[in-house]
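Good morning, and thank you for coming.

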Amino acid sequence: MADEELTLDADAAQALREAQRLCFQTNCAIVAPEHLLAACLLVLRARGQSQLPEPATIHQALIATQSIGEDPLDRDVIFGSAAREAIGHAAAEARAAGAPTITARTLARALVQSGECSPMFFASLGVPRSALATALAEP
């Protein structure tokens, strides 16, 4: 499996686009792990995972930890090194499970486990990191 190329499922691809959209909304040129986790949570929540925080809470937590830039973006949004590292962790998790795709759930779990997201993000969500990891466990 290590030699095979992994793909993103539709939800994971949606989460990456959503992370970029969140950056444009907040005038932030670099996707941080918090942007990516927020995007994964929003996608999973929209797909019916009701034990996750409400969308308004997710947006508030993102603003609390990443702020809003003053100037509108006039360039593309890029993924920062910590967000790319988390994607790499998700790929490793998928490979270890023998899965051919990275899912939004796998990506969210990797972000929670990576330690790359600010503890303030979890506090602002009102959910301890361990409880979020449990909520993201496979059903």
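First, the basis of the values. This is a predicted model, in which local features need pLDDT of at least 70 and side-chain atom pairs count only at pLDDT 80 or more, while totals for chains, interfaces and linings use all residues. Residues are numbered from 1 along each chain as its sequence is written, and side-chain values use heavy atoms, with hydrogens and water left out.

Let me start with helix H5, residues 104-114. Helices (H or I, at least four residues) and strands (E, at least two) are DSSP runs, numbered from the N terminus. H5 is mostly covered, with 9 of its 11 residues buried; buried means under 20% relative accessible area, exposed over 50%, and partly exposed in between, with a 1.4 Å probe and protein chains only. The buried residues are Ala104, Arg105, Thr106, Leu107, Ala108, Arg109, Ala110, Leu111 and Val112. What do the buried residues of H5 pack against? Their partners are H1, helix H2 (33-46), H4, strand S4 (101-102), helix H6 (119-125) and helix H7 (129-135), where contact means heavy atoms within 4.5 Å. After H5 comes Gly115, with a positive phi near 80°.

Consider next the packing of H5 with helix H4, residues 81-96. The two helices meet at an angle of about 120°, and their axes are 8 Å apart. Axes here are lines fitted to C-alpha atoms, for helices over the stretch in contact, and angles run from 0 to 180 degrees between N-to-C directions. The crossing of H4 and H5 is right-handed; a crossing is left-handed if the near helix is turned anticlockwise from the far one by less than a right angle, and right-handed if clockwise. On the H4 side, the contact is made by Ala86, Ile87, His89, Ala90, Glu93 and Ala94. H5 contributes Thr106, Leu107, Arg109, Ala110, Leu111, Gln113 and Ser114.

Not counting residues up to four places away in sequence, Thr106 touches Ala90, Glu93 and Ala94. The side chain of Thr106 is also joined to that of Thr103 by a polar contact of 2.8 Å. A polar contact is a pair of N or O atoms within 3.5 Å; within protein, one must be able to donate a hydrogen and the other to accept it, and residues adjacent in sequence count only if both atoms are side-chain atoms.

Two loop residues follow. Asn27 is not a glycine, yet has a positive phi of about 55°; Asn27 sits in the loop between helix H1 (10-25) and strand S2 (30-31). Ser67, likewise not a glycine, has a positive phi of about 70°. Ser67 lies between helix H3 (55-66) and strand S3 (78-79), and is partly exposed at 42% relative accessible area.

Now the cysteines. Cys40 is buried at 0% relative accessibility, and Cys117 is buried at 5%.

Finally, the structure holds 1 aromatic pair. Phe121 and Phe122 form this pair, which is edge-to-face, at 6.1 Å centre to centre and 75° between the planes. Rings of Phe, Tyr and Trp (its six-membered ring) pair if their centres lie within 6.5 Å; planes under 30 degrees apart count as stacked, over 60 as edge-to-face and the rest as tilted. Phe121 is buried at 0% relative accessibility, and Phe122 is buried at 6%.
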